[in-house]
Amino acid sequence: MSQFLSDVRHLARSFPPCTHVLNACADRYHFAVGLAAALTSGRVSLLPSSQAPEMLRQLCAFAPHVLCLSDEPAADSGLPRMSYPREQLAASADPAPALAACRPPEVDEAQLVGFVFTSGSTGTPLPHPKTFGRLIACVREQARRLSLTGTARWALLATVPPQHMYGFEASVLLPLASGHALCAERPFYPADIAAALERLPRPRALITTPVHLRALLGSGVALPPADLVLCSTAPLSQQLAAESERRFDARLLEIYGSTETGQIAIRRPTATPEWRLWPGVSLEVEGEATWARGGHIEQPTRLQDLLERTGADRFLLHGRVADLVNIAGKRSSLAYLNHQLNSIPGVEDGAFFHVEDSSAPHTGIARVAACVVAPSLGAERLLAALRERIDAVFLPRPLVFVARLPRNDTGKLPLSTLRSLAARAKPAAMA
Amino acid sequence: MSDQVASLRQPPATADAETLTAEVAGLIVQALNLEVAPDEIAPDRPLYGDGLGLDSIDILEIALVVSKHYGVQLRADSEENGRIFGSLRQLVEYIAAHRTK
């Protein structure tokens, strides 16, 4: 802990003049030091969901005096950049710090910690402010809900990035606010995740997603016992939840939330399909829309899922609203993707669509497809242009070139027609 | 005799590598629901980013398929890892060297 505070103090002093810090650190410890250094020096952190060039350009417009803090060599983004000063911090560590230096700095509850971003429908990312008091109240409640409030010190291992709202809360803020151990690494392959978990002292928790759980269970890797598995980003099937509990010999708890609201509900899927809300959070249904407000939520937020209230603090989840795209926890909207597609020079018309029904069970890896009219562009050039604008997980699969989009009399695009175009576009070898 | 000459001209290892390459390409296309035919994947182009355009979810999916079919567990901390997804050819070479089934 004194090492952490020392690193935070030194990093805060070595920031060049800037008002905002885009924290792109991949190592979770570096990320946490960067976050705390920005916070204690009155700077605002930016946590974009993607680092696509267009996103970075937009962030620059949002915060002209932004500094990008990163711990990996990255392509030149045009932003002022600072490498995480690993060596300098190691050299400056005080082996026997004075007691005063061990006291964490005090932060005002109302202080702005940072902004997270969602894709708006107009092409400009929407910033969502996060203030210190609300973030901390939210993860302290999480510690209670996960039964991490006893005397045991847990080790928390995560397969999700610290910049994603779920990873930010569960793998960075939760350990910092409740005295548990944060694991710096982010293991990727099933064998890496199993080995990293095995190395940790118990009790230990794995913070992960349906995508990783599916790979872990299917890979044939021997899984060490965990004491808790936490899952979020997309609904987990009952079957995958039960198998995860059996193979990890652990409780599996599932988190529901959004970038805008943070986590707002939890359930144990093997025990009940009902979600329980965080205290103070309420849901209001207005026609097809559900709004969440109260508790730690900064601003009333329209949720991108279809919910059914079953009690004052309970609900069932029935799928996503049609416009939402959620691939492995990265969210966008068809409107945003369409805007980006149609902004590319040479694209005359184009539309993204879901290949699978929203009600079908999924593990969060169902892709989106697109039909496009762009006679002067080849697939390769169009995909390269899209890659500049949107996160790679949203690249259309398949991308179908057509002479014109199959619009009906009212100008709408029937989903069934789009899907049959996508199905026909597949090469014969795959039929 | 003529069989022997043929096998000298084309060592079995190469034939095996070609078969394995076609097989792995087929598995990738099938698992990821790609729009290309397996033989359209250029063996020396990167699988990530601008080449075939795969992302990390795809790589996890390939790792799963490779573990199921060949008993090979990919590791990020192995020295070869940076190269494994450098191209289809390198992935196939890694599988050939480490397969257990």
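**Entry 1: the A–B interface**

I began with the area buried between chain A and chain B, which is about 2400 Å², and carbon and sulfur atoms give 57% of it. Buried area here is the accessible area, with a 1.4 Å probe, that two parts lose on being put together, summed over both. This is a predicted model, in which local features need pLDDT of at least 70 and side-chain atom pairs count only at pLDDT 80 or more, while totals for chains, interfaces and linings use all residues. Residues are numbered from 1 along each chain as its sequence is written, chains are lettered from A and ligands numbered from 1 in the order in which they are written, and side-chain values use heavy atoms, leaving out hydrogens and water.

How many residues does each chain bring to the contact? I noted 30 residues from chain A and 31 residues from chain B, with contact meaning heavy atoms within 4.5 Å.

I then looked up the salt bridges (a side-chain nitrogen of Lys or Arg within 4 Å of a carboxyl oxygen of Asp or Glu). The rule finds 5 of them across the interface of chain A and chain B. One of these pairs A:Glu380 with B:Arg45, at 3.8 Å from N to O.

Which elements of chain A give two or more residues to the side that touches chain B? They are helix 7 (190-199), helix 8 (210-218) and helix 11 (379-389); helices are DSSP runs of H or I with at least four residues, strands are runs of E with at least two, and both are numbered from the N terminus. Helix 8 of chain A gives the largest share, 5 residues.

**Entry 2: helix 5 and helix 6 of chain A**

Next I turned to helix 5 (residues 132-145) and helix 6 (residues 165-178) of chain A, whose axes come within 9 Å and cross at roughly 80°. The axes are lines fitted to C-alpha atoms, for helices over the stretch in contact, and angles run from 0 to 180 degrees between N-to-C directions. Helix 5 and helix 6 of chain A are therefore roughly perpendicular to each other, a label that covers 65 to 115 degrees. Among the residues making the contact I found A:Leu135, A:Ile136 and A:Val139 of helix 5, and A:Phe168, A:Leu173 and A:Leu174 of helix 6.

**Entry 3: a salt bridge from helix 5**

Over all chains, the structure holds 21 salt bridges. In one, A:Arg134 meets A:Glu298, with the closest N and O atoms 3.9 Å apart. A:Arg134 lies in helix 5 of chain A and A:Glu298 in the loop between strand 15 (289-294) and strand 16 (301-302), so the pair ties together parts that are 164 residues apart in sequence.

**Entry 4: backbone details**

I found a cis peptide bond from A:Arg202 to A:Pro203, with omega near 0°. A:Pro203 sits in the loop between helix 7 and strand 9 (204-208) of chain A. A cis bond also joins A:Arg397 and A:Pro398, and A:Pro398 is in the loop between helix 11 and strand 23 (399-401) of chain A.

Definitions and conventions. Angles under 35 degrees count as roughly parallel, over 145 as roughly antiparallel, 65 to 115 as roughly perpendicular and the rest as oblique.
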